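Here's a quick briefing on the aromatic side chains in this one. Have the structure open while you read.

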Amino acid sequence: MGLISDLLTLPLAPVRGTVWVLEQVVHAAEEEYYDPEPVRARLAQLEQDLNNGLIDAEEFDRHEDELLDRLDEIEEYRQNARQAP
């Protein structure tokens with residue numbers, strides 16, 4: 001039966017291949033988007049900018065809050081990804 005179903009669904013092979021490629025692209029994009037390292041590097045740069053007097057404390061606090069919220073979002077995504085089967 002496997003051979004017959006393979007022959008009958010052979011015309012769908014390009015569609016299955018396309019779906020697989022799209023799944024791989026989505027996975028790679030999610031890995032890049034939810035990578036915490038660029039956010040941590042930006043936090044370090046932000047602190048350095050504050051210490052060097054390039055930004056004031058108010059601007060630092062605003063950007064720091066945004067970056068910490070982003071880190072929380074990344075952590076939540078990664079925890080949900082670990083729990084999913």
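**Aromatic contacts at a glance**

Arg70 sits over the face of Tyr33, 3.9 Å from the ring centre. Keep in mind that this is a predicted model. Tyr33 also belongs to an aromatic cluster, together with Tyr34 and Tyr77.

**The ring pairs**

- How many aromatic pairs does the structure hold? There are 2 of them.
- Tyr33 and Tyr34 make an edge-to-face pair, because their planes stand at 85°, with the ring centres 4.8 Å apart; the cut-off for edge-to-face is over 60 degrees.
- Tyr34 pairs with Tyr77 as well, and here the rings are stacked, with 10° between the planes and 3.7 Å from centre to centre.

- Tyr34 lies in the loop between helix H2 (13–33) and helix H3 (36–51), while Tyr77 is in helix H4 (residues 57–83).
- The Tyr34 and Tyr77 pair therefore ties together parts that are 43 residues apart in sequence.

**Buried or exposed?**

- Tyr34 has 17% relative accessibility, so this residue counts as buried; the cut-off for buried is under 20%.
- Tyr33, the residue with Arg70 over its face, counts as partly exposed at 47% relative accessibility.
- Tyr77 is partly exposed too, with a relative accessible area of 24%.

Note on methods: Residues numbered from 1 in each chain as written. Predicted model: local features only at pLDDT ≥ 70, side-chain atom pairs only at ≥ 80, totals over all residues. Heavy atoms only, no water. Phe/Tyr/Trp six-rings, centres within 6.5 Å; stacked < 30°, edge-to-face > 60°. Buried < 20%, exposed > 50% of the residue type's maximum accessible area, 1.4 Å probe, protein only. Helix = DSSP H or I, 4+ residues; strand = E, 2+ residues; numbered from the N terminus. Lys NZ or Arg CZ within 6 Å of the ring centre and 35° of its normal.
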